[in-house]
Amino acid sequence: MSTPHKSRRSDYAEATRLAIIEAARLLFSHKGYFATTVEEVAAKARVAPTTVYAVGGGKQGLLRTLVDIWSQAPIVAASMDEFESLTDPDELLRQLSAVTRTMRESFGDIMRILIATAPHNRDAAHALAIGTRRYRDALTNVATHLHKIGGTHPEMTTEQATSILWFYFGYNGYFALVDENGWSYDQAEPWLAHQATMALRAFPPGHEHIG
């Protein structure tokens, strides 16, 4: 059984870890990964630079942690369970659009950090690849379920449906509409759901090899 002293020490260690992660997240977002130093992360988290290395694994370790926070967020597993229970394709796609919006509002900064850093850093590219694989695997599961409940064209494969879902609900859908074109999330969410629904059902025969 844990003693009060050990419990307080564990609580302090976790608070320190969270402070370092939050400091890195803010600085990476505002200054960029390359322009941010470990010393700046330490100062913002109010710890020594050696603690950033010991607890957070330095900048590279913190980048991997941010990917896990985004791609393994509890909402992901909860949403997949909910999707599996739905039998109305329209409702499933509305829910998918809503969850994607929530993810973008909650973790869009982490996605942007990785997307901006990956072309110039091997560790960032690897971290982004891990996050992307998890992301696409989730959409593949949605595509598989959509096929089972009649939400895709009869001649559409799971791979093709996944490509369409990725087009609308991958990185670029909300970023393009909200960040680049000034749409509100309230405008973008139903539009993306409707367009994805139309694309999945209106897939023309004879064009099997897309994506």
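Q: Hi! Are tyrosine 135 and tyrosine 171 buried or exposed?
A: Tyrosine 135 and tyrosine 171 are both buried, where buried means under 20% relative accessible area, exposed over 50%, and partly exposed in between, with a 1.4 Å probe and protein chains only. This is a predicted model, where local features need pLDDT of at least 70, side-chain atom pairs count only at pLDDT 80 or more, and totals for chains, interfaces and linings use all residues. Residues are numbered from 1 along each chain as its sequence is written, and side-chain values use heavy atoms, with hydrogens and water left out.

Q: Thanks! How many aromatic pairs are there?
A: The count is ten aromatic pairs. Rings of Phe, Tyr and Trp (its six-membered ring) pair if their centres lie within 6.5 Å; planes under 30 degrees apart count as stacked, over 60 as edge-to-face and the rest as tilted.

Q: What about phenylalanine 28 and tyrosine 33?
A: That pair is edge-to-face, because the planes of phenylalanine 28 and tyrosine 33 are at 65°, with the ring centres 5.1 Å apart. Phenylalanine 28 is buried at 2% relative accessibility, and tyrosine 33 is buried at 6%.

Q: And how do the rings of tyrosine 135 and tyrosine 171 sit?
A: Their centres are 5.4 Å apart and their planes at 85°, so this pair is edge-to-face. Tyrosine 135 lies in helix H7 and tyrosine 171 in the loop between H8 and helix H9 (172-180), so the pair ties together parts 36 residues apart in sequence. Helices (H or I, at least four residues) are DSSP runs, numbered from the N terminus.

Q: Which residues do ring pairs link into a cluster?
A: Trp70, Tyr135, Trp166 and Tyr171.

Q: New topic: what is the volume of the largest pocket?
A: About 300 Å³. On a 1 Å grid over the protein atoms alone, a pocket is an open set of points where a 1.4 Å probe fits, with protein on both sides within 12 Å along at least five of seven lines; lining residues have an atom within 4 Å of a point. The volume is the space filled by probe spheres set on the points.

Q: Which residues are closest to its centre?
A: Of the 21 lining residues, Val76, Val99, Met103, Tyr135 and Ala138 are the closest to the centre. Helix H7 gives the largest share of the lining, eight residues.

Q: Last one: where is threonine 162 found?
A: Threonine 162 is in helix H8 (residues 158-169), and counts as buried at 4% relative accessibility.

How values were computed:
Helix = DSSP H or I, 4+ residues; strand = E, 2+ residues; numbered from the N terminus.
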